[in-house]
Each structure stands twice: as C-alpha cells, then as structure tokens.
Amino acid sequence: MESLCSVLSFSYPKLTSTATLPSSFSIKNVASSGQRVAATVKPSENPAKTLNPIPPANPVSTTSTSTAASLPPKKVLVPIGFGTEEMEAVIMVDVLRRAGADVTVASVEPQLQIEASCGTKLVADTSISSCSDQIFDLVALPGGMPGSVRLRDCEVLEKITRQQAEKRRLYGAICAAPAVTLLPWGLLRRKQTTCHPAFFDKLPTFWAVKSNIQVSGVLTTSRGPGTCFVFALCLVEQLFGESVAKEIGELLLVGPADDESRKEEFNKIEWSFDHIPRVLIPVANGSEEIEVVTIVDILRRAKVDITVASVEKSVQILASQGTKIIADKLIGVAAKSTYDLIVLPGGNAGAERLSRSRILKSLLKEQELAGRMYGAVCSSSAILLKQGLLKGKKAIAHPSIVSKPTDELVNNTKVVIDGNLITSSGLATVAEFALAIVSKLYGHARARSVAEGLVYEYPRT
C-alpha cells in the first residue's frame, strides 16, 4: 500500500486557464435542484479572453496567456459595515478577484475595521467616501444584519448605487440586502427579486421570486451565504463571460449539489463534551479567506467557542486574495489554552507559514497525544502529513497537492472523517466541512438548522 507521503506535497502545481473543465458545469446546474436559477445570464459583449494573473501563493491561481490581460480591469465595489455577513462579503471578493476584477472593499463606517455579523473582524481597503466619484462596472452588496441597515443608511453608498442603476451598470445584492437596502432606495421597482427567506415577505409580492439567483436586467439578487458562490459566479459571468465563470467555478471546486457524496466516515467515534466545544483556527498571511471565514461563521452560528489565532507577529493577516482579517489573538497567547478541535485552513502561502510555526507544531502534537480532534482543509492536509498526523488515516486534500490516488486518499466526496481526524478538499466544499463538524459535535438536527439559516441545501436525515 502506497503511503500518503508519496502523493501529497507542498509543491503546489499552478492551475492555469487551460485547465479542462467538465462540459456539464454551468451557473444553472450548480444551483440546488429545488430552487432554480431564474434567468439565463448573457455574457458581456466584450468578455475577457483570459483571466488576469493572481499571485502564485494560492494553489488554485490562474495565469494570463493573452493580450486580454492588458485590458482595463473591471472595477467592482463591495461595501461593508458593522454586522455585514462575512461569508457573503468574503466569497464575493475572493471569487471576483480570482476572475480578474479590481475589487474595492469600502467601509460605510467612520473606521476601516468592522466586526461582521458572526464576529469576524475585517479591514476594508478604503472608506466609502473615497469611492463617490469613481465609476464601477459592478456594485455588489452583501447582506447580514444589522449590516444591511448600515448600508441602507449610508447616503454616499445610496448615491453610488442609484447612479449605477440609472446608467444601466450592473448592481447586485444578497441575503437581507435586497429587501432591507435596495427596496427603501426604490431600486427594486419593476424587477423580479429574491432574498433571504426571513425577509421575503418584505419584497413586493408580484415581483418576489423564490429562486437562488434572480437576474432582472442589470440587477442580480440571491438568498444567503449558502447561495453566495453561485451568486458570485453569476456576477463573474456577466462581467467576463461564461467561459471565465466556468473556469473559476471549477478551480473553486463548485459543482452540482448531487455530483458526489457529502462525507465519508471511518473508525467512527463520538465527539461529545460536557462543555461548549472549544475550537482553535490558526491563520497566517496567505491563508485562504473563504475557508477561514466560512468555518468561523458556521461554527459560531452553532454556538461553538472559536478562537482565531495568528501565527504572524501581528493579529492582522493578509489572506490569499487580499482580504484583511483581524485574529482574536496571537498563537503564543492562544497556546495557553486547551482546545477540543484544531482546524487548519488552506491557501498555499498560508499553509507554508503555518507549517513553520513551532508553537502550532507543538499544539498539534499535544492534540494527537491527548486523543483530541484535529483537522485540515485544502492544502493544509500536507501540514498534518509532515507531522505524521495522517499515519494510518483516511483523508482528502485539494486536488492540486495530490499527485496520484492511493488507498488512504478518498475521492468523490467532500469531507472525510476518520476517528478524531476530519479533512476536506476546501474552498467551495468548506461549508460541508464546517457542517460536518457541527453534526459531530451537536448532532444532525443542529447542523440542519444552521444550514437552513445559511440557505444551504442539507439532507433531512
């Protein structure tokens, strides 16, 4: 039997724009079967022929191979405020930047740092006031409460978005934002719209549509964190064309809900505690923001005690696609406590920096010796491998770090649990990973309840 050492590596091959994509991939067939995509998105008249370069620090980066890279980048505004839904903001920014968009994250607050709806601290690129005279190809509003109210009450943002609609440039909103932000501004008139189920009754009855994605002219709306990948890819398709959206979706491991099993479990044991479970999520410069934020968001919704700890000299880290995240504390301080579960997020550069942390190495070794739980997503499975923590275990990793299949590596699933170990291929599969943790800690009913709040399709049993 071949060991994992021979097939997992820190040498992450770069995936380029020539990657082969399944012909079945489309924005439509990644939407859940019961909640359709309600409009066919037409590619822009001048779609980008290739993707703009993304720093090679990410294992799923893309490279430009034609003169299209010299075209002016599409400019996108993503505003955030206190209580913005972090999954929605970060997924939109991450996906659009991977596609080559020049994304500006602007704070509607007096300061750049905001605390999102589930407690993640994000730092904007600039203040919304500095964006007032700029022209954007797309303005995309994340939801969350009270974040959607904070966006609604920002006069500068209202002016920018009104001009966007008047000039027939693209704008979009997700979750609570269509009903709470755009509706009071009068920007939903005569437009079919969807939003989070909790706010659906606020939409004009005749124009309200129960779909995951609704495109109505230059307006695109969607339902919540669980539909945000499809929402972001729909925006990419409108900006850059169908081929770019297909490529980005494939690189992010987005696929139809029924394309593979959700999880496989081996050597089943109970994960039960007589206290609120404590989980440590170490982060570094280059960590994959989608994975960090999604895991934190979902576990906090389930009432898990989360500590995000930076292995850098500062609590602020710069994630793989440029999102600035503020950790709760430094790893040295976090190491003074004991955790029921340690989860390593991926990202090429981030995984390498995590692997260099002596404190984290010590924590992981102690975790294994004590029989406590540990896990990794995406490229960070290689960290566990390096420390001998995958020995005799079934696991899964991001395809970019797997050179060939073995009996230990499990394919055609999103999450693998083996005793006290849990792994995932990462990126768009990380919601399934986080919900699997919730299910192990609290049971399937709690996981399903959290999934419903996310508007994420999850089995009843």
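Analyst: Two strands are said to pair if DSSP finds at least two bridges between them. The model is a predicted one. Here L280 has I342 in β16 as its bridge partner.

User: What makes strand β11 (residues 278–283) and β16 a pair?

Analyst: Two bridges join β11 to β16. The definition asks for at least two, so the strands pair. They run parallel.

User: How many bridges link β16 and strand β17 (residues 373–377), and in which sense do they pair?

Analyst: Four bridges link β16 and β17, in the parallel sense. Within β17, M373 stands opposite L341.

User: Which residues of β16 are buried, and on which sides?

Analyst: In β16 (residues 341–344), L341 and V343 are buried on one side, and I342 and L344 are buried on the other. Both faces of the strand are therefore covered. In general, side chains in a regular strand alternate between the two faces of the sheet.

User: Why is the contact between E85 and R301 called a salt bridge?

Analyst: The N to O distance between the side chains of E85 and R301 is 2.8 Å. The limit is 4 Å between a Lys or Arg side-chain nitrogen and an Asp or Glu carboxyl oxygen, so the pair qualifies. E85 sits in the loop between β1 (75–80) and α2 (86–98), while R301 is in helix α8 (residues 289–301), 216 residues apart.

User: Are E85 and R301 buried or partly exposed?

Analyst: E85 has 1% relative accessibility, so E85 counts as buried, for which the value must be under 20%.

User: What makes E265 and K440 a salt bridge, and which parts does the pair tie together?

Analyst: Their side chains meet at 2.7 Å, N to O, and the limit is 4 Å. E265 lies in strand β10 (residues 261–266) and K440 in helix α13 (residues 430–442), so the pair ties together parts 175 residues apart in sequence. E265 is partly exposed at 28%, whereas K440 is buried at 11%.

User: How many salt bridges does a search of the whole structure find?

Analyst: The search of the whole structure finds 17 salt bridges.

User: How many cavities of 30 Å³ or more are counted, and what lines the largest?

Analyst: The count is two. The largest cavity holds about 90 Å³ of space, and its lining includes I80, V93, R97, D125 and K324. Helix α2 gives the most to this lining, with four residues. The lining divides into seven nonpolar, two polar and three charged residues.

User: Which helix gives the most to the lining of the second largest cavity?

Analyst: Helix α8 does, with four residues. The volume of the second largest cavity is about 70 Å³, and among its lining residues are K121, V292, V296, R300 and D328. By class, this lining has six nonpolar, two polar and three charged residues.

Definitions and conventions
Residues are numbered from 1 along each chain as its sequence is written. This is a predicted model: local features need pLDDT of at least 70, side-chain atom pairs count only at pLDDT 80 or more; totals for chains, interfaces and linings use all residues. Side-chain values use heavy atoms; hydrogens and water are left out. Buried means under 20% relative accessible area, exposed over 50%, partly exposed in between (1.4 Å probe, protein chains only). On a 1 Å grid over the protein atoms alone, a cavity is a set of points where a 1.4 Å probe fits but cannot get out, and a pocket is an open set with protein on both sides within 12 Å along at least five of seven lines; lining residues have an atom within 4 Å of a point. Grid points are joined across faces, edges and corners, and a volume is the space filled by probe spheres set on the points. Ala, Val, Leu, Ile, Met, Phe, Trp, Tyr, Cys and Pro count as nonpolar, Asp, Glu, Lys and Arg as charged, and the others, Gly among them, as polar.
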